[in-house]
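Q: Hi! I've got this one open on my screen, please walk me through it.

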Amino acid sequence: MSEKISVPISNDFCPQTLFCYGTYCDDGRSDFGLFCWFSYLWDGELGVMMCIGEDKQTRDNIRKNRHFSACLVTEKMLPLADYLGNSDGRIPGKISADIAVEKGRKLDVPILSDSPVVFELEATRSIPLDDGEVFLCKIHNVLMDNDLTDQSVPLEKRIGDVAPVSTTCETYFSWDGKAIGGWGELAEK
Ligand SMILES: Cc1cc2nc3c(=O)[nH]c(=O)nc-3n(C[C@H](O)[C@H](O)[C@H](O)COP(=O)(O)O)c2cc1C
């Protein structure tokens, strides 16, 4: 073990799972952004806690409608997810027609068809901070690709097939730990 040193505040080397949050805007169009400040809570049942850092379309929509989706980001989806995390939903035309979007099953929320695991969420409480806002959310439904429920397939194979992306140090990592690219690089390609 090497000696520990104090470094500037960050969460470097603490990987996070990525989700695209889907919301509806006032005019009925769907908006998706990319998010990683997402975790779970317990209050008699499993719930979600998440933070939105500053004012943005997703936050406006969640404040108004309370309902949104969180769609797990996979390696296959990453170029799209990177674009969604680097483009402002307040600028018209962010979501193009060739993105496969469908509706949640229990809540009126848009979801990304390519995501194998989707939470349908209701923000039941929020804690406004000086800039960001923390939301505590009830999980109304979990949608999962049917293949993932097949217990006869080893878990390692099923999660390997999902290939969820994680991120730290402003870099995306594959499920097997390889660096895939920096934030904003994949959308550009
Ligand atoms: C890898 C990555 C993770 C992000 N995670 C968050 C997050 O957890 N919270 C947040 O407020 N913004 C986060 N963002 C920024 C939003 O994705 C960005 O503000 C985006 O424009 C939101 O979409 P919208 O403008 O359509 O609301 C992240 C961006 C990237 C690239």
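**A chat about the fold**

Q: Let's start with E170: buried or exposed?
A: E170 counts as exposed, because it has 11 C-beta neighbours inside 10 Å. The cut-offs are 20 or more other C-beta atoms within 10 Å of a residue's own for buried, 12 or fewer for exposed, and partly exposed in between, with C-beta atoms placed from the backbone.

Q: What should I know about the model and the numbering?
A: This is a predicted model, where local features need pLDDT of at least 70 and side-chain atom pairs count only at pLDDT 80 or more, while totals for chains, interfaces and linings use all residues. Residues are numbered from 1 along each chain as its sequence is written.

Q: Thanks. Where is E170?
A: E170 is in the loop between β11 (166–168) and β12. Those labels are DSSP runs numbered from the N terminus: helices are H or I with at least four residues, strands are E with at least two.

Q: And what is its phi?
A: Phi of E170 is near 55°, a positive value in a residue other than glycine. Most residues other than glycine have a negative phi.

Q: Which strands are in the sheet that has β11 and β12?
A: An open sheet of 4 strands has the order β1-β11-β12-β13, with antiparallel pairing. Strands count as paired if DSSP finds at least two bridges between them. At the edges are β1 (16–17) and β13 (179–182), each pairing on one side only.

Q: How many bridges join β12 to β13?
A: There are 3 bridges between β12 (residues 171–173) and β13. F173 sits opposite A179 of β13.

Q: Switching to helices: which residues of α1 are buried?
A: In α1 (residues 57–65), the buried ones are T58, R59, N61 and I62. They lie on the same side of α1 because they cover an arc of only 165° around the axis. That arc is taken from the directions from the helix axis to the C-beta atoms.

Q: What do they pack against?
A: The buried residues of α1 pack against β2, β3, β5 (46–52), β6, β9 and β10. Contact here is C-beta atoms, placed from the backbone, within 7 Å.

Q: What comes just after α1?
A: R66 follows, with a positive phi of about 70° although it is not a glycine. R66 is in the loop between α1 and β6 and counts as partly exposed, because it has 17 C-beta neighbours inside 10 Å.

Q: Now the core: which residues touch the most other members?
A: The largest nonpolar core has 30 residues, and F19, C20, Y21, C71, V73 and A81 touch the most other members. Such a core is a set of buried Ala, Val, Leu, Ile, Met, Phe, Trp, Tyr and Cys residues joined through C-beta atoms within 7 Å. Elements that each supply at least two of its residues include β2 (19–24), β6 (67–72) and α2 (78–85).

Q: What does A81 touch?
A: Leaving out residues up to four places away in sequence, A81 touches L18, C20, L34 and V73.

Q: How do β9 and β10 pair?
A: They are antiparallel, over 11 bridges, and a hairpin joins them through 4 residues. L121 stands opposite I139 in β10, and F68 stands opposite L121 in β9. β6 joins β9 by 5 bridges, also running antiparallel.

Q: What about D130: buried or exposed?
A: D130, in the loop between β9 and β10, is exposed, with 5 other C-beta atoms within 10 Å.

Q: Last one: which residues come nearest to the ligand?
A: Of the 19 residues around the ligand, G33, G53, T58, G85 and G89 come nearest. Being near means a C-beta atom, placed from the backbone, within 6 Å. β3 gives the largest share of the shell, 4 residues.

Note on methods. Two residues are in contact if their C-beta atoms, placed from the backbone, lie within 7 Å.
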